[in-house]
Amino acid sequence: MQAQVEPHFLFNTLASIDHLIEVDPPRASRMQKNLIALLRASMPAMREAPRPWTRAAGGAPLLEILKVRMEDRLQAEISVAEGLYSADFPPMMLQSLVENAIKHGLEPKPEGGA
């Protein structure tokens, strides 16, 4: 799953940054900073064993990147059930789930969603 999702996400994000540099440099800068934060949080952990939610997340920078792409069409809130904070998740699983939920569930909708 990692090999399929990460390059696609990375190339799309870089292409978005490239486009935004021309049309909206402040948004390009925000997106680039969030990509850096996401990579810092996720790259070293890719080969690790499953880990608790608190270390697995990296969700906030990912959501910010996707918000730049979708603008007002994406509303996001992170809410985690108490019992899940101690549950182990495979590396990059949450990133893949969030990215795919937005890509296939909300992005196609003209009105977007939450």
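**Entry 1: Asp24 and the model**

I started at aspartate 24, which counts as partly exposed at 21% relative accessibility; buried means under 20% relative accessible area, exposed over 50% and partly exposed in between, with a 1.4 Å probe and protein chains only. The model is a predicted one, in which local features need pLDDT of at least 70 and side-chain atom pairs count only at pLDDT 80 or more, whereas totals for chains, interfaces and linings use all residues. Residues are numbered from 1 along each chain as its sequence is written, and side-chain values use heavy atoms, with hydrogens and water left out.

**Entry 2: Salt bridges**

How many salt bridges does the structure hold? I found three, a salt bridge being a side-chain nitrogen of Lys or Arg within 4 Å of a carboxyl oxygen of Asp or Glu. Side chains of opposite charge can pair when their charged atoms come close.

Aspartate 24 pairs with arginine 27, and their closest N and O atoms are 3.7 Å apart. Arginine 27 counts as buried, at 15% relative accessibility. Arginine 27 also meets glutamate 71 in a salt bridge, with 2.7 Å from N to O. That pair links distant parts of the chain, since arginine 27 is in helix H2 (residues 25-42) and glutamate 71 is in the loop between helix H4 (59-70) and strand E2 (88-89), 44 residues apart. Here helices (H or I, at least four residues) and strands (E, at least two) are DSSP runs, numbered from the N terminus. I therefore logged Asp24, Arg27 and Glu71 as linked in a network of salt bridges.

Glutamate 64 and lysine 67 form another salt bridge, at 3.5 Å from N to O. These two residues of helix H4 are three residues apart, which means that about one helical turn separates them. Glutamate 64 is partly exposed with a relative accessible area of 32%, and lysine 67 counts as partly exposed at 26% relative accessibility.

**Entry 3: Backbone at Glu71**

Most residues other than glycine have a negative phi. The relative accessible area of glutamate 71 is 45%, so this residue is partly exposed.

I compared the extent of H2 with expectation: at 1.5 Å a residue, the 18 residues should span 26 Å, and the end C-alpha atoms are 25 Å apart, which agrees. The expected span is 1.5 Å times one less than the number of residues in the helix.

Which residues of H2 are buried? I listed Arg27, Ala28, Met31, Asn34, Leu35, Leu38 and Ser42. They cover an arc of only 130° around the axis, so they sit on the same side of H2; the arc is that of the directions from the helix axis to the C-beta atoms. The face turned away from this buried side carries the exposed residues Pro26, Lys33 and Arg40.

**Entry 4: The largest nonpolar core**

I took a nonpolar core as a set of buried Ala, Val, Leu, Ile, Met, Phe, Trp, Tyr and Cys residues joined through side-chain atoms within 4.5 Å. The largest has 16 residues, and those with the most contacts inside it are Phe9, Met31, Ile65, Leu66, Leu74 and Ile102. Helix H1 (2-23), H2, H4 and H5 each supply at least two residues of this core, and H4 gives the most to it, with six residues.

Contact means heavy atoms within 4.5 Å. Leaving aside neighbours within four places in sequence, I found methionine 31 in contact with Thr13, Ser16, Ile17, Leu20, Ile65, Val68 and Arg69.

Arginine 69 lies in helix H4 and counts as partly exposed at 26% relative accessibility. Not counting residues up to four places away in sequence, arginine 69 touches Phe9, Asn12, Thr13, Ser16 and Met31. The C-alpha atoms of arginine 69 and serine 16 are separated by 7.3 Å, although these residues are 53 residues apart along the chain.

For H5, the 14 residues should span 20 Å at 1.5 Å a residue, and the end C-alpha atoms are 19 Å apart, which agrees. The buried residues that I noted in H5 are Leu94, Gln95, Ser96, Glu99, Ile102 and Leu106.

Glutamate 111 lies in the segment after helix H5 (93-106) and is exposed, with a relative accessible area of 56%.
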